[in-house]
Amino acid sequence: MTPVGKMIGGRATVEGTRRYAEKLAARLAAGHFRELAGDASVSTLGLGTYLGPEDGATDILYQDAIVRALELGINVLDTAVNYRHQRSERAIRTALGTAISRGVIRRDEVVVATKGGFIPFDGAVPRDPRAYFASTYVETGIIKPGDVAKGGHCMTPRYLRDQIDRSRANLGLETLDVYYVHNPETQLGEVDRAEFMVRVRAAFGALEEAVSAGCIAHYGTATWAGYRVDPGDPGYLSLAELVAAARDVGGAAHHFKVIQLPYNLGMTEAFTRANQRVNDRVVPVLEAARELGISVMASAALHQGQLMRLPPVMTEYIPGLTTDAQRALQFVRSTPGVGTALVGMKTRAHVDENATIGSLPPMNWEHFQRLFSAAGG
């Protein structure tokens with residue numbers, strides 16, 4: 001188990017996140033903050049930390065971008081232990097320390113989400129990856145034969161406990177606000193669905209224990225394809241089935257409260273594809289989440305930069321903004337059921353550009369419908 005040194009106590013709270021929203025109310029429009037899991041207010045734009053080389057220059061870029069985002073009304077930070085070989089989590093730790101020391105933010109005002117599942121390297125690719133894996137995980141008993149799927153994914157209770165402590169140490173936080181099992185559908189490439197659900201229940205049991213211990217506040221699943229594909233796909237995930245598994249291990253007061261999946265102008269399945277059965281109806285995952293009381297964070301809001309140039313008609317349907325990146329983000333944050341649109345930002349210039357959308361309210365339903373039709377939805 002990773003030793004955990006001195007860390008920042010507390011977690012995001014209703015009072016803290018509302019205080020943050022009120023501090024910035026003069027520059028932000030109504031509707032920029034929404035409820036997350038019933039006990040925090042989160043900005044409709046969040047900063048992701050997936051992309052970039054594993055070097056000190058990128059660490060510094062992220063640190064500066066995060067502080068700037070917190071100054072401008074973005075209080076959601078998203079990462080994973082394997083992003084940039086743990087360096088993204090560590091960059092967030094430095095940035096939060098700077099922001100708190102400068103009085104930009106308090107700990108209870110910011111939501112920090114991370115993920116575990118993919119086996120991470122430590123800072124860089126080691127000279128001998130097999131030796132690193134053996135010494136770090138196998139010889140220590142953290143991972144046992146049969147635990148790993150697809151050569152790099154694990155979600156056993158033993159492994160998740162270790163990864164939670166690694167993330168807490170990297171981030172310098174006693175409590176992680178949201179902890180996702182990262183792409184659990186990876187396991188379905190090697191085990192049948194019955195065994196998969198056994199593993200899911202075991203993982204959720206460990207996460208409920210982590211909540212009780214004060215290590216995390218909520219948990220969920222961060223997926224790529226699982227919630228977007230048809231039920232017949234081998235990697236399909238049923239949200240209702242996962243919520244039922246959480247209820248089995250955690251009771252009615254379980255803490256499975258947040259999911260993350262890709263959603264953008266080029267990947268609209270979360271809103272358009274009816275593939276989730278809830279209460280005898282088959283609906284898209286955004287509607288299923290709403291009915292099941294699950295908050296949604298949309299990843300890849302700019303499709304990793306592929307939506308920087310939109311058709312000219314988008315200018316007409318999304319007024320008040322100056323760049324296509326802003327328009328694409330406005331589309332995501334205006335979609336019913338989306339709580340936060342996550343976008344990777346590692347320069348202050350990108351933060352300044354994207355945070356501008358906070359000065360506008362999300363589009364109303366009628367406006368969104370017209371835009372969606374114009375976009376070919």
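Me: Of the 5 residues of β12, how many are buried?

Reply: This is a predicted model, where local features need pLDDT of at least 70, side-chain atom pairs count only at pLDDT 80 or more, and totals for chains, interfaces and linings use all residues. Residues are numbered from 1 along each chain as its sequence is written, and side-chain values use heavy atoms, with hydrogens and water left out. Helices (H or I, at least four residues) and strands (E, at least two) are DSSP runs numbered from the N terminus, and buried means under 20% relative accessible area, exposed over 50% and partly exposed in between (1.4 Å probe, protein chains only). Strand β12 is largely enclosed by the rest of the structure because the number of its residues that are buried is 4.

Me: Which residue of β12 is the bridge partner of L47?

Reply: Strands β3 (residues 45-48) and β12 (residues 340-344) run parallel and are joined by 4 bridges; two strands pair if DSSP finds at least two bridges between them. L47 has its bridge partner in β12, and that partner is V343.

Me: And on the β11 side, which residue of β12 stands opposite A298?

Reply: β11 also pairs with β12 in the parallel sense, over 2 bridges.

Me: How many strands make up the closed barrel?

Reply: The barrel's order is β3-β4-β5-β6-β7-β8-β11-β12, with parallel pairing. Neighbouring strands of this sheet are turned by 30° against each other on average, direction ignored, where axes are lines fitted to C-alpha atoms (for helices over the stretch in contact) and angles run from 0 to 180 degrees between N-to-C directions. The strand count of the closed barrel is 8.

Me: Let's walk around it. Which residue of β5 does V76 face?

Reply: β4 (residues 76-78) and β5 pair in the parallel sense over 3 bridges. The two strands also form a right-handed β-α-β unit with helix α3 (residues 87-101); right-handed means that, with the strands pointing away from the viewer, the path from the first strand over the helix to the second runs clockwise. In β5, the residue opposite V76 is V111.

Me: Are the two faces of β5 covered or uncovered?

Reply: In a regular strand the side chains alternate between the two faces of the sheet. In β5, V111, A113 and K115 are buried on one side, and V112, T114 and G116 are buried on the other.

Me: What is the relative accessible area of A113?

Reply: A113 belongs to strand β5. Its C-alpha atom is separated by 22 Å from that of R102, 11 residues away along the chain. A113 counts as buried because its relative accessible area is 0%.

Me: Which residue of β6 stands opposite T114?

Reply: β5 and β6 (residues 176-182) pair in the parallel sense over 4 bridges. T114 has its counterpart in β6, namely Y179.

Me: Moving on to β7, which residue there stands opposite V178?

Reply: β6 and β7 run parallel and are joined by 6 bridges. The chain passes from β6 through α6 to β7 in a right-handed β-α-β crossover. In β7 (residues 216-222), 7 of 7 residues are buried, and the one opposite V178 is H218.

Me: Which residue of β8 is the bridge partner of G220?

Reply: 4 bridges join β7 to β8 (residues 256-262), and the two run parallel. The path from β7 goes through helix α7 (residues 239-250) to β8, again as a right-handed β-α-β crossover. The partner of G220 in β8 is V258.

Me: What is phi of N183, near which value?

Reply: Most residues other than glycine have a negative phi, and most peptide bonds are trans. N183 lies in the loop between β6 and α6 (193-212), and N183 is buried because its relative accessible area is 16%. Its phi is positive, near 45°.

Me: How far apart in space are Y20 and V110, C-alpha to C-alpha?

Reply: Y20 sits in helix α1 (residues 14-23) and is buried, with a relative accessible area of 1%. Along the sequence, Y20 and V110 are 90 residues apart. In space, their C-alpha atoms are apart by 8.3 Å.
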